[in-house]
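Student: I have a new model open and would like to learn how to read it. Could you walk me through a few features?

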Amino acid sequence: MRGGRRIVWLIPLLLVPLPLVLDQYQQYVANLILVYVPVGVGFNVVVGNLGQLAFSNVAFFGIGAYTAGILMLKLGLPWWITVLPAGVMGGIAGAAASVPALRGVRLFYLAIMTLAFGELMRWVYIRWEPVTGGSFGMAVPEASVLGWALNVESRKFYAFLVLVVLVIMLTDRLLRSRFGRAFVAIKGNEEAAAAMGIPTDRYILLGFAWGGFVVGIAGSMYAALVGHLSPASFDLTELILQFAIIMVGGLGSLAGSVLGAALLTAAPEFFRDLPGFEELLFAVLIIVVILFLPRGLASLLARAHPLFDDRYFRE
Amino acid sequence: MAALLEISDVSVRFGGLTAVDGVSFEVSAGEVCALIGPNGAGKSTLFNAVAGNVVISSGRVLLRGAPIQHLTPHEISARGVRRTFQNGGLFAHLTALENVLVGLHTQVASGFLGLLCGAESSRRAEAAATRRARELLALMELDQVADHLASELSGGQQRMVEIVRALATDPPLLLLDEPAVGLAPPMRDRLGGIIRRLAKERGLGIVLIEHAIELVMSVSDRVIVLNYGRKVADGSPAEVRADKRVLEAYLGHA
């Protein structure tokens, strides 16, 4: 069983030659997908596994991105050194965002309170001008890994691929352990989870912090990819896109986060060839997937082969 | 020697309403003690008070002589008081096996960092817990449904899985909140047999809330009757059956 599952880890190897067959622009899109995979993975831990309707994800993303950007621009640190601090800052933000949930706020009330967190951070990006560059944003220096400049898209691709595989591997271990089971137990029935000896508060805090950590890392990748950060990139539309990624991909599924990120990041780029219909096609795509695959793209994969059935959100 | 569970002059008040009013009793190891009484008599509130889900207004709850009334539910559970829930407390998104694994949560010795690093010890702890959970399910003849989602199980199977899950850590005290609700008569008899065996063979102290009076009378060593939050009778099933106050509690004054 475990040996069988290891085959899944061959998939990233298959992706290694990808930059060779893609043009520059397509490589950029592939990199953007790699950025949004951990965005979805982290968001999904909080919403899909822990079951908390928390919309603070875009705040973690922005905090990770600005942490990397500021450390590079102000302290002159190379990008690869900023990845972990970006994750840690995202994790701290995640822990902070769990406070309403720890005080018993749930569902729509939690949604609106955590939504405010993202908007509050946007205010910080705009107002803390000497550090963040204000509304105009900040230019992020060229990223590098151990002196190896990520000056072409293909190099970013390999750096990102390593990070994404690591993030998925660690999150997979977490979700398959007693920690992951505790998350889903809390989602299903908090009272019963506590009656099993699970300190629910501690696990809610942990789930948020892990989500923030992963999304913070995604933020550092975003900073390296686009080279320019501005508050407008972390607004409500961005949040809705991130939410769509986990809904279309499949709640509580790692494979779903990957598929959702791939589809929703790549689709608008395809639709760009059909000017005037981009938004329409994007909207139709989301509606069609949710209508015919209410459990997301992950349910297709799980049906194709039990190897991919990593869903902890099953009905 | 201190009793397994000692409830001493416990009162629970919600605003002006007194749900439990100065109730005292003890439960020893190997004893099945039923709590009965009309709806609203305070049975569930008393249960929740023992499990830590309700804060008591006065009195003490002692487990083997140590006060537990100030502890949170997960702390009380970790000290060996396990419970089932009235409306079925299984985690619907998890399989029967995973439900039992959650029951074993406190006994799976895998730390956060070791786990992330893929430490062999974490893997072994997880594998051992899974084996144990399968064994426990097999003891109740539930191995066939171990990998079914809880929501796919029949009502009786769900009740049994919930009991297996509660007992996974081998606790000394089990609280059963209306375990027979919705069970067909043969299943009820089986449940009764299991309750007796757990108490007599494994020495568990069991507190049982139940409306199915035949079940109560056949499995209990002791029956405590509550009415309006007060204890109105306490004795063997035969004694309680003969007690006039019990009839009054259920039927009103004749």
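Predicted model: local features only at pLDDT ≥ 70, side-chain atom pairs only at ≥ 80, totals over all residues.

Student: Where do I start with chain A, and how many helices and strands does chain A have?

Tutor: Start with the inventory: chain A has 17 helices and four strands. Next comes overall size. The radius of gyration of chain A is 19 Å, close to the 20 Å from the globule rule for 315 residues, so chain A is as compact as a globular protein of that length. The C-alpha trace spans about 50 × 45 × 40 Å along its principal axes, and 51% of the 315 residues count as buried.

Student: How do I read the packing of two helices?

Tutor: Two numbers describe a packed pair: the angle between the axes and the distance between them. Take helix 5 (residues 57–75) and helix 8 (residues 107–127) of chain A, which pack at about 30° with axes 8 Å apart. That angle makes helix 5 of chain A roughly parallel to helix 8 of chain A, because angles under 35 degrees count as such. Among the residues that meet there are Ile63(A) and Tyr66(A) from helix 5 and Met121(A) and Tyr125(A) from helix 8. By class, this contact has seven nonpolar, two polar and no charged residues.

Student: At what angle do helix 5 and helix 6 of chain A pack?

Tutor: Helix 5 and helix 6 (residues 79–97) of chain A pack at about 145°, with their axes 8 Å apart. Their crossing is right-handed. The helix 5 side of the contact includes Ala59(A), Gly64(A) and Leu71(A), and the helix 6 side includes Trp79(A), Gly87(A) and Ala97(A). The residues of this contact divide into 12 nonpolar, six polar and no charged.

Student: And how do I read the interface? How many residues of chain A are in contact with chain B?

Tutor: Count both sides, then ask which elements supply the residues. Here 25 residues of chain A are in contact with 28 residues of chain B. Helix 11 (178–188) of chain A gives the largest share of the chain A side, eight residues. That side has 14 nonpolar, five polar and six charged residues.

Student: Why is helix 11 of chain A described as largely enclosed?

Tutor: Look at burial: 11 of the 11 residues of helix 11 of chain A are buried, so the helix is largely enclosed by the rest of the structure. Arg178(A), Arg181(A) and Lys187(A) are among those buried residues. The cover includes helix 10 and helix 12 of chain A, together with helix 3 (96–103) and helix 4 (112–116) of chain B.

Note on methods
Residues numbered from 1 in each chain as written. Chains lettered and ligands numbered in written order. Contact = placed C-beta atoms within 7 Å. Helix = DSSP H or I, 4+ residues; strand = E, 2+ residues; numbered from the N terminus. Nonpolar A, V, L, I, M, F, W, Y, C, P; charged D, E, K, R; others polar. Axes fitted to C-alpha atoms, helices over the stretch in contact; angles between N-to-C directions. Left-handed = near helix turned anticlockwise from the far one by under 90°. Buried ≥ 20, exposed ≤ 12 C-beta atoms within 10 Å, placed from the backbone. Parallel < 35°, antiparallel > 145°, perpendicular 65-115°, else oblique. Rg over C-alpha atoms; globule rule 2.2 N^0.38 Å.
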